[in-house]
Amino acid sequence: MSSERLIYLPLGGAGEVGMNAYVYGYGKPGKEKLILVDLGVTFPDMDGTPGVDLILPDISWLEARKDDLEAVFITHAHEDHVGAVAHYYDRLGAPIHARAFTANIARRKMEEHGHSEKAVKTASPWPETVKAGPFSVGFVPISHSIPESSGLVIDSPGGRIVHSGDFKIDENPIVGEPFDHDLWASLAEPGVKALVCDSTNVFSHHDGRSESTVGQPITDLVQASKGMFVCTTFASNVARVKTLAEAGKRAGRSVCLLGRAMRRMIEAAVETGVLKDFPATVSPEEAGTIPRENLMLIVTGSQGERRAASAQLANGKYNGMVLKEGDTFLFSSKTIPGNERGVIHIINKFSEMGVDVVEGDDRYHVSGHANRPDLDAMHKLIKPQIVVPMHGEHRHLREHVKLAEANRISGVLAVNGMMIDLSGNAPKVAEYVETGRTYVDGSVKIGAMDGIVRDRIRMALNGHVMINVIMDEEDEPLGEPWVEVMGLAETGRSRAPLVDVLEEDLSQFMGRAGAKTLNNDDKLEEGLRRVARQSAQNEIGKRPEVTVVISRLTA
């Protein structure tokens, strides 16, 4: 029996949708040579992570073993797969491999963070491979909602792993390579140890639809619309952006792209040659001179992002453009769970303007992920010994295991931090690794458990009181405490200003306090905090967060 093992360890993306980071290793236990597949981000929300800019996987386990990390492989250019590469390059230092379009996006990120673009290597598609320690990795073209998506063939002395990446079976994706059944079937010929597979749409039992099916319905909608026509989709869905632009042209409208991300994605697609014959567009300045009924805007912000073009238009104006009664706004996208509030806010804002909003209509959007019949077909093409579901919440992973077992394939439910030993014929949990989240908060990275965001939430929920006290050389109060409040009602039950009530109660506490309290900063601070919170509770029904500043004069 070999003393070496083949392992799979998700650090993000297994048990959630987003923040993908999957480690593969081969070697003696604890001394494996490693590769990392994808290094993405997820996005914050105001309820749980207020003020946070981005959420990254916690890579502490991998950083501690960075000398054994041979390379990073990026399957495609969605933010939840490539968004963290530049944030973590200084901590990992391994070369990054991706196909041309994804490499273009990754290099832009590296440049923004002051890293050398040379760290990103452009890989050719299968059958060419990249050697990384004991691994040989090939990029296999696959259809998804962004150009040049790839599954990976990961060969090692422990067997072949096929990592699907995000995918769907689409034989006419408009932009990018169609799904090649024969190519994918050929990957099974040497025998496949494990298929590590996208699980996003495992609960969608109907056949997946091709990107090519949305073009005519969108064209019909644009032609039937009066006034200005505005539409939004994921900026990275270059095929959909092209479909929208072509629909606008066929309807006799000039097309304008609004939003930095939209322009950046189209530029990258043109530069790398994956996007050809994109309709001519007009600048925002030119758009302002074109009659409304002859204009189509394609804008960012399909998920209700507050700073994106769609939200700015809903709030009144963006780049000089204003929507009016009789205009039409199309969401050619699906709202990701968790983003509903932002999208509904925008829809209502447009409704108040008299804009007709089209949202949630399947005629104008198709998913980029494999539905259950596509997953079933992939199982049968690859014929793996084991299916390891990834890219999904726990319920998706569990259901995908059931699908595998219905196909008489062993399924393994592995969530973030669960290291799976794929050696031999019986996969097993090798160990559990501590995983978590790292927040990008302004210009710094903080741990999810550091308490910073927790304190921010508590202040948001409860308001804040600051108490200032000056003690003289004899450890006696010099004057009375004074108070500043933030995020609290100005008056309460007694109808007096809240600040006055707090200062009076705190002054009485100081007058009653004995020498042991007045001489001890900790005891004094604790007492002032307790009185302030109780007083506020009595006045306004809130127990605020309290900061106490004690200044002592010295002789």
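How many disulfides does the structure hold? Zero, taking a disulfide as a pair of cysteine sulfur atoms within 2.5 Å.

Before going further, some ground rules. This is a predicted model: local features need pLDDT of at least 70, side-chain atom pairs count only at pLDDT 80 or more, and totals for chains, interfaces and linings use all residues. Numbering starts from 1 along each chain as its sequence is written, and side-chain values use heavy atoms, with hydrogens and water left out.

**Stop 1: the cysteines.** Cys256 is buried at a relative accessible area of 0%. (Buried means under 20% relative accessible area, exposed over 50%, partly exposed in between, with a 1.4 Å probe and protein chains only.) Cys197 is buried too, again with a relative accessible area of 0%.

**Stop 2: Ser199.** Now pick Ser199, in the loop between strand 13 (192-198) and helix 6 (215-224). Helices (H or I, at least four residues) and strands (E, at least two) are DSSP runs, numbered from the N terminus. Ser199 has 0% relative accessibility, so it counts as buried. Show polar contacts: N or O pairs within 3.5 Å, where within protein one atom must be able to donate a hydrogen and the other to accept it, and residues adjacent in sequence count only if both atoms are side-chain atoms. You'll get one of 2.8 Å between the side chains of Ser199 and His400. A polar atom of the Ser199 side chain also sits 3.3 Å from the backbone oxygen of Cys197. Beyond residues up to four places away in sequence, Ser199 touches Pro389, Met390, His391, His396, Leu397 and His400, where contact means heavy atoms within 4.5 Å.

**Stop 3: the largest core.** A nonpolar core is a set of buried Ala, Val, Leu, Ile, Met, Phe, Trp, Tyr and Cys residues joined through side-chain atoms within 4.5 Å. The largest has 68 residues, and Leu36, Leu39, Leu62, Phe101, Ile298 and Leu330 touch the most other members. Helix 7 (residues 238-250) gives the largest share, six residues. Color Phe101: leaving aside neighbours within four places in sequence, its contacts include Ile146, Val238, Met265 and Val274. Finish on a second, separate core of 28 residues, with Phe135, Ile154, Ile161 and Val412 among them.
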